[in-house]
Amino acid sequence: MVSLIGVSTLFSFESYQDFLDERAKGAAGIVYSRVRNPTRDALEAKIAFLEQADHAIGFASGMGAISTALLALLKAGDHLLIAMCCYGPTRALCDILLGRLGIEVEYFDVAESHDLSGRIKPNTRAIYLESPGTFTMQIQDIRAVTRLARAHNIVTIIDNTWATPLYQQPITLGVDVVVHTATKYIAGHSDVTAGMLACNADLYRIIQPVAEILGGTLAPDDAYLVMRGLRTLAIRLERQGATALALARWLQSRPEVQRVYHPGLPDFPGYELAASQMSGTSGLFSVALHPPAPDAAQHAFVNALSYFSIGVSWGGFESLIMPIGDSYREAPQIRRSMGIQDEMYRISVGLESLADLIADLEWGFAARKAVLARME
Ligand SMILES: Cc1ncc(COP(=O)(O)O)c(C=O)c1O
């Protein structure tokens, strides 16, 4: 198998007429890599195929894809409805940048997603989902949202990173634009930051020129790395998903555990909805412990782990853990809506063995218990 990386920033021509002919193709012309590059083309074709979309665009980050989608589809005076559980910087983009541009942003609780009709206004132009959410894995009713949106000529966007196109194809559920941080599962090796957007031909005609102007498209070397990751996505996801579900079940049996937030557990709210929208579950979930331990014990818990590294991001081949109980303290409405508990950890399961991960967490629980005992 041959892999070509077209690193050139420009493409030269035998004659000026050849150049003019290529440039006349617009976005389809191979003239300048910010606009079109053969390596990025190859990746975009694969993602479009997986998402069952007409087109895809590769970006230098997930935020590049998200910001381009929102900036391309919204203008001053428009109203955006967005799920409260969205990724923090997506919220910052809406609150800071879109607000400054005169776009009205309104958040809705995930529980409302089955009927958002009361929130639709004459100027509602877009609804943005992130399902599952990536803190407490909240599931939104994608079919209900897209049915309503289509009836009102509203465009729908979804962050599909958690499920990946292998486990959820939102376009088949009526969504218009799918965005990803390919930094997570799609690339899978924590060695490249990338984003993807997939949509139909009509919206591509609106979004592609904005991607070109904003200039955040994916570099060819990085496009190659994402493609290399994509080759093993199916087996990584299968293994990471299975280990995560088994670990989630094991955690449910622990006395310290108050609740496990994993859409593959039958007692998870939204379990049936998740099963009706997704064909599998990936490796990111959260767990709340009780009674909530002071910071010193929480630190001891994560510091004691050796297979789980302490770090942001997720979806790579190595397991990660992050205390998230302090998130959104300054925003009680978001905290409540996302169901964040005082002692909570987000776990991204990698490719390690289940036995090793269980042994590691047992070790962490013992360290936490030792600190709590000293405090008594
Ligand atoms: C759900 C979700 N969407 C989008 C992003 C942004 O992706 P990137 O860091 O590639 O810009 C992240 C990053 O963590 C994320 O978790």
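Which residues have the most contacts inside the largest nonpolar core? I opened my notes with this question, bearing in mind that the model is predicted.

**Entry 1: the core**

I found that the largest nonpolar core has 112 residues. Leu70, Ile127, Val177 and Leu251 are those with the most contacts inside it. I then looked up the element that gives the most to this core, and it is helix α9 (residues 233-252), with eight residues. Domain 1 (16-231) and domain 2 (233-375) both contribute residues, so the core lies between them.

I took Val177 as an example and listed what it touches, setting aside residues up to four places away in sequence. The list consists of Ala69, Leu73, Thr156, Ile157, Ile158, Leu197, Ala198, Cys199, Leu203 and Ile207.

**Entry 2: the domains**

I noted that the domain assignment gives domain 1 (16-231) and domain 2 (233-375). Their centres, taken over C-alpha atoms, are separated by 28 Å. The contact takes 36 residues from domain 1 and 39 residues from domain 2.

**Entry 3: the sheet of seven strands**

I traced an open sheet of seven strands with mixed pairing, in the order β1-β7-β6-β5-β4-β2-β3. Its edge strands are β1 and β3 (104-108), each of which pairs on one side only. On average, neighbouring strands of this sheet are turned by 20 degrees against each other, direction ignored.

I next examined strand β7 (residues 195-199). How many of the residues of β7 are buried? I counted five of its five residues as buried. Gly195, Leu197 and Cys199 lie on one side of β7, with Met196 and Ala198 on the other, and both faces are covered.

Strand β1 (residues 55-59) runs antiparallel to β7 and is joined to it by five bridges. Within this pair, Gly58 has Met196 as its bridge partner, and Ala56 has Ala198. Strand β6 (residues 177-181) is also joined to β7 by five bridges, again antiparallel. There, the bridge partner of Thr181 is Gly195.

Helix α2 (residues 38-50) lies across β1 and β7, at about 130 degrees to β1. Helix α4 (residues 88-100) lies across β2 (79-83), β3 and β4 (124-130), at about 150 degrees to β3.

**Entry 4: helix pairs**

I looked up how helix α3 (residues 62-73) packs with helix α7 (residues 201-214). Their angle is about 120 degrees and their axes are 9 Å apart. The crossing is right-handed. Thr68, Leu71, Ala72 and Leu73 of α3 meet Leu203, Ile206, Ile207, Val210, Ala211 and Leu214 of α7.

I returned to α9, which packs with helix α13 (residues 354-375) at an angle of about 35 degrees, with axes 10 Å apart. The crossing of α9 and α13 is right-handed. On the α9 side the contact is made by Thr243, Ala246, Leu247, Trp250 and Leu251. On the α13 side I listed Leu354, Leu357, Ile358, Leu361, Glu362 and Phe365.

**Entry 5: the sheet of five strands**

I followed a second open sheet, of five strands, in the order β8-β9-β12-β11-β10 and with mixed pairing. Why is one side of β8 and of β10 left without a neighbour in the sheet? β8 (257-261) and β10 (309-310) stand at the edges and each has a single partner strand, so one side of each lacks a neighbour there.

I saw that strand β9 (residues 284-289) and strand β12 (residues 344-348) pair in the antiparallel sense over five bridges. In this pair, Phe285 stands opposite Ile347 of β12. Helix α11 (residues 295-303) lies across β10, β11 (320-323) and β12, at about 175 degrees to β11.

**Entry 6: two single residues**

Is Phe308 buried or exposed? I found Phe308 in the loop between α11 and β10. Its relative accessible area is 1%, and a residue under 20% counts as buried, so Phe308 is buried. Leaving aside neighbours within four places in sequence, Phe308 is in contact with Leu247, Ser319, Leu320, Ile321, Ile347, Leu357, Asp360 and Leu361.

Glu14 counts as exposed, at 79% relative accessibility.

Methods
Residues numbered from 1 in each chain as written. Predicted model: local features only at pLDDT ≥ 70, side-chain atom pairs only at ≥ 80, totals over all residues. Heavy atoms only, no water. Core = buried A, V, L, I, M, F, W, Y, C linked by side-chain atoms within 4.5 Å. Buried < 20%, exposed > 50% of the residue type's maximum accessible area, 1.4 Å probe, protein only. Helix = DSSP H or I, 4+ residues; strand = E, 2+ residues; numbered from the N terminus. Domains from an automatic or database assignment. Contact = heavy atoms within 4.5 Å. Pairing = 2+ DSSP bridges. Axes fitted to C-alpha atoms, helices over the stretch in contact; angles between N-to-C directions. Left-handed = near helix turned anticlockwise from the far one by under 90°.
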